Amino acid sequence: MPRVNPIDATYFSNGHRDDFTVIGTTVQRSDARGHVTGKTVFFEDMRLPDMAFVKIHRSSRHHALVDNVDVSRALAVPGVQRVLTHRDVPANWYTVLRLIGVEPNDEPVLAEDRVLYVGEPIVAVVADSEAAAIEGAAQVEVAYTDLPAVLDVEEALSDDAPIIKKSGTNHFVYEGHHARRVRLGDVEKGFAGADRVYEWRYSSAPIEHAPTETTGCIVIPMGGGRLQIHTNTQAAFFTLDNTALILERPFTDLQVKGGTVGGGFGGKVDVMVEPIACIAAALLDRPVKFVYTREEEMQVSSTRAAERIYIKDGVMNDGRIMARQVMLYVDSGAYSRHSPYGTTKAAAHLPGPYTIPNVYADCHCVYTNRTPSSAMRGFGVTIADFAIESQMDRIARDLNIDPLQFRLINAYRDGDMKAHRKIASGTALIEVIQRAADLVHHELPPEYRAMSSSIPRETHQ
């Protein structure tokens, strides 16, 4: 039998050997040539006869009642064909999480009686040209009654904070609880028995995806009343299902053609443009284009959520972490989108890749009068990792323990019970740390070299 290179091949349980052809080699991206030669086709490359354009009149208030919407001046702009309000939307709720059982729906497609953030869409103007649509949107007049705005996650949860959500709380309710909770062991007992206790706060600001191509789509009416959607969505079937629910039409009425995304990173899964473009295309029986300006992309497209994290650790002088308490506040902005799910992901990730016998965490998904946040590259875990690993480095420095050794002492191993009561398997963290030490010529004592993720740890005393 020929020698097997672990980088190039693997054995499977049936005894057969399959060669890898990618791992360990440099492979050109399948779309690279098209990108660098300008041959890649994006949805905006389509030039269709008689195409109409959509632009949005957006809220200028953080939080306000909408007393009146006057569209008469918009309709007087030459080229403006229609002004769509919430009454034109069959099911005026974005449904981005209903498909995976996360409810209630809380975000209107077009505002009804109130707005909860600057930039919230109120009406959509459909016109023969982009210039006419822009002018029409600017001519819409909205009368407001301003309401108190909540812009800080902890203030939003205070007893005297104004309630901004019709559900009656400024937080998502998880099975009757104010937060997604994690409980393991007795954290207070763990702190009482620890040699040292450390507590620090970590925070992040909202992060905009800033894709090269802004969010958008073109919808084309087809025979039999079907609609063909050319979009830069990251999730074609997700877009199809959610758009059909909003339109209250059978899924088979829609055909989604995705193709090139033009940069997404998670931000192009929110199904924000396709429903309105579909409604306009069906009403006018014309192709309709709806694409964000760069200003809109920066202001109203969803961001990575801002997070505030308090971590308190009880640690023995030899480096064993005996207790970890985490208070996490995720700024969902005005609406849920994917943030309740992201907060659950954060809770499931705690206390990081470490085995700690006593863990207490409250992970809050908080509503504020800010732009809604949503998915972005590992959302729910990325900022938590930043906080956890910053905490680990600070503790290691104070204990005068090598930071890699400190992580090896606490690294989870196969068979360990995780804080959310799942048994860890396939961990390999110890081996990764050891290999990383090799690559940077970082010395590890023999006892740390002898550690293995597959060898059970001694129970924390």
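**Helix packing, cavities and local backbone features**

Helices H6 (residues 236–247) and H7 (residues 274–284) approach each other with their axes within 9 Å and cross at roughly 55°. The structure is a predicted model, in which local features need pLDDT of at least 70 and side-chain atom pairs count only at pLDDT 80 or more, while totals for chains, interfaces and linings use all residues. Residues are numbered from 1 along each chain as its sequence is written, and side-chain values use heavy atoms, with hydrogens and water left out.

Two packed helices are described by the angle between their axes and the distance between the axes. Here, axes are lines fitted to C-alpha atoms, for helices over the stretch in contact, and angles run from 0 to 180 degrees between N-to-C directions. Helices (H or I, at least four residues) and strands (E, at least two) are DSSP runs, numbered from the N terminus. Angles under 35 degrees count as roughly parallel, over 145 as roughly antiparallel, 65 to 115 as roughly perpendicular and the rest as oblique. H6 and H7 are therefore oblique to each other, and their crossing is right-handed (a crossing is left-handed if the near helix is turned anticlockwise from the far one by less than a right angle, and right-handed if clockwise). On the H6 side, Thr239, Thr243, Ile246 and Leu247 meet Glu274, Pro275, Cys278 and Ile279 of H7, where contact means heavy atoms within 4.5 Å. This set of residues divides into five nonpolar, two polar and one charged; Ala, Val, Leu, Ile, Met, Phe, Trp, Tyr, Cys and Pro count as nonpolar, Asp, Glu, Lys and Arg as charged, and the others, Gly among them, as polar. In the loop between H6 and strand S14 (254–257) sits Glu248, which has a positive phi of about 55° although it is not a glycine.

Next come two helix pairs that share H11. Helix H10 (residues 382–399) packs against helix H11 (residues 403–410) at an angle of about 110°, with the axes 9 Å apart. H10 is therefore roughly perpendicular to H11, and the crossing of the two is right-handed. H10 contributes Glu389, Met392, Asp393, Ile395, Ala396 and Leu399 to the contact, and H11 contributes Pro403, Phe406 and Arg407. Six of these residues are nonpolar, none is polar and three are charged. H11 also packs with helix H12 (residues 429–439), at an angle of about 165° and with the axes 10 Å apart. This makes H11 roughly antiparallel to H12, and the crossing is left-handed. Leu404, Arg407 and Leu408 of H11 make this contact with Ile430, Ile433 and Ala437 of H12. The residues of the H11 and H12 contact comprise five nonpolar, no polar and one charged.

Rolling a probe the size of a water molecule over the atoms shows where empty space is left. On a 1 Å grid over the protein atoms alone, a cavity is a set of points where a 1.4 Å probe fits but cannot get out, and lining residues have an atom within 4 Å of a point. Grid points are joined across faces, edges and corners, and a volume is the space filled by probe spheres set on the points. Across the whole structure, the search finds five cavities of 30 Å³ or more. The largest cavity has a volume of about 160 Å³. Of the 24 residues lining the largest cavity, Thr215, Gly267, Lys268, Val269 and Asp270 lie nearest its centre, and the lining comprises seven nonpolar, eleven polar and six charged residues. The second largest cavity holds about 100 Å³ of space. Its lining has 13 residues, with Val96, Leu97, Asp106, Ser336 and Arg337 nearest the centre; by class, there are five nonpolar, three polar and five charged residues.

The peptide bond from Glu103 to Pro104 is cis, with omega near 10°, and Pro104 belongs to the loop between strands S5 (80–84) and S6 (114–115). Leu350 and Pro351 are likewise joined by a cis peptide bond, with omega about 5°; Pro351 is found in the loop between helix H9 (339–349) and strand S19 (358–367). Thr169 lies in the loop between helix H4 (153–156) and strand S9 (180–184). The C-alpha atoms of Thr169 and Ala156 are separated by 9.2 Å, these residues being 13 residues apart along the chain. Not counting residues up to four places away in sequence, Thr169 touches Ile163 and Tyr367.

Technical notes: On a 1 Å grid over the protein atoms alone, a cavity is a set of points where a 1.4 Å probe fits but cannot get out, and a pocket is an open set with protein on both sides within 12 Å along at least five of seven lines; lining residues have an atom within 4 Å of a point.
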